[in-house]
Amino acid sequence: MRALLRRAPLAASTLVVASAVAVAACSSSGSSSPSSSSSPGSGGSAKTGLKVFVIPKNLGNPYFTVADSKASGGALAALSALGDTGTETSGSAATSASQIPAIQAAVTKGANALVVSATDPTALCPTLNAAIKRKIPVVTYDSDAPGCRSLFINQASTSAIGTSEVDVLAKELNDTGQIAIVSAAASATNQNAWIGYMKTELKKYPKMSLVSTVYGNDDPATATQVTQGLLQQYPNLKGIISPTTVGILAAAGVLGTAKYRGKVLLTGLGTPNSMKKYVSDGTVKAFELWNPANLGYLAAYAAADLASGTLKVTPGATFTAGKLGSFTIGADSTVLLGPPTVFTSANISNFNF
Amino acid sequence: MTATLAPRREPGSPAPASSRRLADRVFRIREFGIVAVLVVFVAVTASIQSRFLSSTNIQFILVDATIFALLALGETIVVISRNVDLSVGSVLGLSAFLTARLASSTHGLPLPVVFLAGIGIGLLCGVVNGLMVTLGRVPSLVVTLATLYIIRGADVLIVGGGQVVPSSYYPSFLTISKATVGGIPDLAIVVAVVIAGGAYWLRTYRSGRELYAIGSNPDAARLAGIPMGRRVFTAFALSGAIAGVAGVLWASRYGTVDSTAGGSYELQVVAAVVVGGVAIFGGSGSVVGAAIGALLLQTINSALYVLGVSPNWDQAIAGFLLILAIVLDRLISLRLTASLRRRSARRGT
Amino acid sequence: MEPSQAAVDPGHVSVRARLRPALRWESGLVVVVVAIAIFGSAVSPQFLTANNFFNLGLNTGEIAIMALPMALIIISGEIDLSVESTLGMSSALLGVLWADHWPMLAIFVVILVTGAAAGALNGFLVTRVGLPSLAVTIGTLALYRGIALILLGPRTVSNFPATYTNVGLTAIPHTDLPYSAGIFIVLAIIFAIVLHATPFGRSVYAMGDNAEAALFAGLRVKRVKTTLFIVSGMASALAGVLFTFRLNTAVQNNGVGLSLDVVAIVLLAGVSIFGGKGSIGGVFLAVLAFAGLQNALLLTNFNQEATGVVTGILLLVSVFVPNVAMFVRSVRRAATRMTRRMPPEPALSMPRKDT
């Protein structure tokens with residue numbers, strides 16, 4: 001008891017700090033409402049002066065840098081062209097716990113719209129739904145949070161990605177052989193959805209079989225090791241599909257050696273710049289992707305239109321996204337960017353991302 | 001076990017000499033123990049899946065292990081002196097990115113310069129750590145935890161959303177990690193030589209042996225006149241420089257470098273060092289043991305992938321084996337203390 | 001009084017001596033917290049709003065809860081790095097058992113028991129087998145995360161009932177506090193009483209100060225430390241439940257990376273890594289400082305990638321400032337030694353018992 005009394009000065013000062021903070025909190029007004037210092041745009045086009053926050057899975061991620069940055073023509077470029085203020089923010093670990101504070105801060109700072117690539121399909125829902133309730137439209141891109149957003153911009157139809165990956169490899173393998181998949185994290189929603197379609201498409205090729213799916217966790221070292229393990233476990237492996245840009249690079253690093261090049265074929269999702277070397281030396285004949293910058297650009301346009309009220313989320317509604325042309329809202333409030341692009345040695349030099 | 005601990009009786013031999021011989025033998029026993037575990041593990045895995053011992057796979061394991069073995073070398077030097085360096089992962093990441101940039105075709109700097117740059121970056125970080133621990137009197141756990149955050153943060157700031165991809169390098173950079181001589185990767189040979197050099201220095205040179213003294217009894221070391229500040233500072237500087245070199249090798253090995261390189265490596269390195277028989281409170285252990293510990297952990301990793309063990313299990317297995325390793329090590333050291341005590345009782349010293 | 005208690009309760013002098021450095025540290029923390037509050041409100045008018053504090057409390061509640069037993073463990077001279085994995089394991093259990101239609105009350109009991117068991121294993125390995133806690137808890141960090149992975153696999157469970165997931169949405173009725181912050185405050189008061197006003201608490205300080213002396217004084221070092229690890233396990237399990245409900249998601253990687261944040265907060269609180277020093281008041285202030293700073297930075301246009309740098313610098317400043325005088329002295333001595341011969345410096349890695 002005496003010891004407690006001795007700590008009275010400390011306890012007192014702590015109480016003072018705590019109560020000062022509480023008083024300050026109670027005295028100021030409640031949460032901010034989205035600022036609307038914008039000028040009305042001409043009929044059908046987005047307002048200027050909107051505050052839009054672009055929240056990728058994490059900062060420091062090269063894929064999202066292309067998707068978001070002004071320099072590459074991504075989301076921030078679109079917002080700047082529209083006369084709106086675009087800010088990119090997120091956490092540094094690609095987890096929901098790391099992304100949520102950034103979303104909350106964006107709302108607190110008076111966001112008119114949010115563009116989010118969801119780290120987790122459900123964990124963000126409470127936060128995103130709270131934003132929607134405050135009339136802040138939420139547009140997800142690249143990675144969806146179904147049920148908790150106004151609109152989802154899908155890079156390409158999930159089934160198209162899954163089936164085309166298998167078709168590309170099948171053509172290279174003459175429809176025969178054992179194949180394996182090097183994926184990202186075991187719980188990655190996108191990859192799992194694509195893999196589902198891959199398995200269905202494989203049924204069309206009875207002489208091909210999927211012997212294993214391994215997970216590289218989007219870490220170059222792990223992806224390299226799981227690929228190596230695959231090669232040891234299945235000496236008759238003929239092909240690998242890696243539907244993740246980190247995974248395909250790691251697998252190419254392993255397969256690009258004299259021992260495997262040309263004997264185990266590789267395809268998947270990769271960016272042209274990073275795969276140039278492997279296409280020119282023959283490790284990879286063809287791979288796919290979409291243009292991440294276009295994805296971000298489209299998502300930003302959609303968000304601005306939603307926030308301005310010039311776009312309503314109804315199936316069949318159309319809108320124009322600047323240089324990308326016009327798009328239609330499809331089922332489940334989803335907009336498709338377009339079909340995936342297949343890169344080969346013939347066209348890879350035309351792209352710079 | 002006790003039979004091997006008893007030294008040859010030499011009439012008139014001074015007690016210190018024989019206990020040094022005993023200590024040497026103990027070191028060798030600890031290393032022997034880890035090697036034995038490694039051999040048993042490899043044998044069991046190879047019997048289930050013979051391709052585990054294929055030359056390709058051995059090359060894979062050796063190259064992956066060299067980076068951790070290097071980090072383990074640096075960490076051991078620090079841990080022996082009763083400190084810890086948690087910033088090695090972040091230093092590796094920073095060095096990997098900066099040197100990758102230098103080695104890319106836009107700059108096209110020659111290989112030796114790239115390595116020097118890596119050493120320089122790591123050395124700078126190590127020096128900062130060393131200064132704060134020695135001059136600032138701040139516990140190394142706190143200092144290196146803080147620099148872990150700071151260096152990683154600086155790395156993320158510098159890298160931004162960038163990355164260096166294999167296409168950017170001039171070709172010879174990427175082949176460093178792939179060149180082999182008689183089926184053994186060049187990298188493994190070089191790193192083995194470096195580790196042997198490190199072991200020799202720690203065992204033979206005063207500056208090395210004094211680290212053990214500092215770790216096992218700092219008060220006594222101080223009273224004995226050992227320049228503790230200088231030794232500990234050197235240990236951190238070395239750890240940083242080695243992490244810098246490991247970063248260059250990492251970039252060469254994996255090709256793609258972004259801001260996540262080397263993340264959470266520090267705990268894996270400490271685990272390797274502990275498995276390798278280095279006491280976390282300092283004062284004992286060998287770099288060879290730590291390197292073998294790193295090799296063992298990488299081998300386990302590879303074995304799990306080759307055997308196709310469900311990826312759900314490898315974390316748990318890794319954790320379990322680590323605990324097993326330190327429990328065994330503790331039992332061995334208890335036996336050793338008991339037998340040393342018995343010997344002193346017999347000798348009356 | 002029993003002899004052991006007399007040895008542990010050394011009388012007024014040493015309590016006051018222990019309090020003086022603590023008060024100095026916590027006063028410094030109060031200044032830091034106030035400075036952060038001023039900085040935050042200068043940078044954004046939204047900083048000092050109830051809504052912002054609600055978010056702040058929500059995001060930091062679980063880490064704060066885990067920091068309380070962590071502080072006691074570090075004061076007693078050990079460390080527990082496995083807290084993030086116990087959190088993950090508890091989250092995985094919650095998901096798996098809920099998906100198997102267990103009643104929620106039974107799930108809570110199982111989770112608490114598992115957390116206690118996880119802590120008991122740590123305690124056993126550290127006290128009975130005699131292993132260093134840094135090494136042990138690195139091992140259990142991997143082991144418990146692995147168990148979470150085995151339990152849940154790649155699945156995600158996210159259909160928890162609204163009554164529970166409301167901890168992430170609504171405040172405690174009649175207040176603006178999120179539930180996790182409210183729980184933290186209640187626990188903080190309990191921990192403060194235990195640490196500062198009971199023989200148990202005094203024994204924690206004593207064994208951190210000098211483990212051997214504590215043992216010879218008759219303190220039950222092993223039992224106390226094991227209890228601390230068990231409490232840490234249970235607190236992490238509780239944090240795991242709150243975390244899972246807040247996100248309405250049980251997934252295997254819940255909590256990854258949190259251990260170092262918890263340790264950073266406890267170190268910021270003035271708890272010495274050598275043991276024997278620190279207070280719950282400090283932990284409370286450190287939580288405010290840590291959370292407040294991250295929140296304030298988020299509200300600016302600060303480059304979020306640099307948040308780690310700020311955390312690290314804050315940590316360094318917190319340990320350097322008390323040592324400034326000593327630092328200046330040792331720099332001067334090092335400089336003089338370089339110019340002429342001087343006696344070697346005193347021990348570096350020895351626990352320092354002065355202020």
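The backbone oxygen of A:Asp142 lies 3.3 Å from a polar atom of the A:Gln155 side chain. This is a predicted model, in which local features need pLDDT of at least 70, side-chain atom pairs count only at pLDDT 80 or more, and totals for chains, interfaces and linings use all residues. Side-chain values use heavy atoms, with hydrogens and water left out, residues are numbered from 1 along each chain as its sequence is written, and chains are lettered from A and ligands numbered from 1 in the order in which they are written.

**A:Gln155**
- A:Gln155 sits in the loop between E5 and H7 of chain A; helices (H or I, at least four residues) and strands (E, at least two) are DSSP runs, numbered from the N terminus.
- A:Gln155 counts as buried because its relative accessibility is 1%; buried means under 20% relative accessible area, exposed over 50% and partly exposed in between (1.4 Å probe, protein chains only).
- Beyond its neighbours within four places in sequence, A:Gln155 is in contact with A:Tyr63, A:Asp142, A:Ile161, A:Asn190, A:Trp194, A:Trp290, A:Leu295, A:Leu337 and A:Gly338, where contact means heavy atoms within 4.5 Å.

**Interface of chain C and chain B**
- On the chain C side 57 residues are in contact with 52 residues of chain B.
- About 4500 Å² is buried between chain C and chain B, and carbon and sulfur atoms give 78% of that area; buried area is the accessible area (1.4 Å probe) that two parts lose on being put together, summed over both.
- Between these two chains the count of salt bridges is zero, a salt bridge being a side-chain nitrogen of Lys or Arg within 4 Å of a carboxyl oxygen of Asp or Glu.
- One residue pair is in polar contact across the interface of chain C and chain B, with both residues at pLDDT 80 or more. A polar contact is a pair of N or O atoms within 3.5 Å; within protein, one must be able to donate a hydrogen and the other to accept it, and residues adjacent in sequence count only if both atoms are side-chain atoms.
- Helix H6 (133–152), helix H12 (258–268), helix H14 (307–320) and helix H15 (324–339) of chain C are the elements that give two or more residues to the side that touches chain B.
- H6(C) gives the most to that side, with 14 residues.
- By class, the side of chain C that touches chain B has 39 nonpolar, 12 polar and six charged residues. Ala, Val, Leu, Ile, Met, Phe, Trp, Tyr, Cys and Pro count as nonpolar, Asp, Glu, Lys and Arg as charged, and the others, Gly among them, as polar.

**Interface of chain A and chain B**
- This contact takes 29 residues from chain A and 30 residues from chain B.
- The buried area between chain A and chain B is about 2300 Å², with 59% from carbon and sulfur atoms.
- A:Gln225, A:Gln232 and A:Gln233 supply 26% of the area that chain A buries against chain B, more than any other three residues.
- Zero salt bridges are counted between chain A and chain B, while eight residue pairs are in polar contact (both at pLDDT 80 or more).
- Two or more residues each come from helix H3 (62–68), helix H9 (220–233), helix H10 (245–255) and helix H11 (272–280) of chain A on the side that touches chain B.
- H9(A) has the largest share of that side, 10 residues.
- The side of chain A that touches chain B divides into 12 nonpolar, 14 polar and three charged residues.

**Disulfide**
- The whole structure holds one disulfide over all chains, a disulfide being a pair of cysteine sulfur atoms within 2.5 Å.
- A:Cys125 and A:Cys148 form this link, with their sulfur atoms 1.7 Å apart.
- The link of A:Cys125 and A:Cys148 is right-handed, with 60 degrees about the S-S bond.
- A:Cys125 lies in helix H6 (residues 125–133) of chain A and A:Cys148 in the loop between strand E4 (138–141) and strand E5 (151–154), so the pair ties together parts 23 residues apart in sequence.
- Both A:Cys125 and A:Cys148 are buried.

**Positive phi in chain A**
- Most residues other than glycine have a negative phi.
- A:Asn174 has a positive phi, near 55 degrees, and is found in the loop between helix H7 (158–173) and strand E6 (177–183) of chain A.
- A:Asn174 counts as exposed because its relative accessibility is 62%.
- A:Asp175 lies in the loop between H7 and E6 of chain A and has a positive phi near 65 degrees.
- With a relative accessible area of 34%, A:Asp175 is partly exposed.
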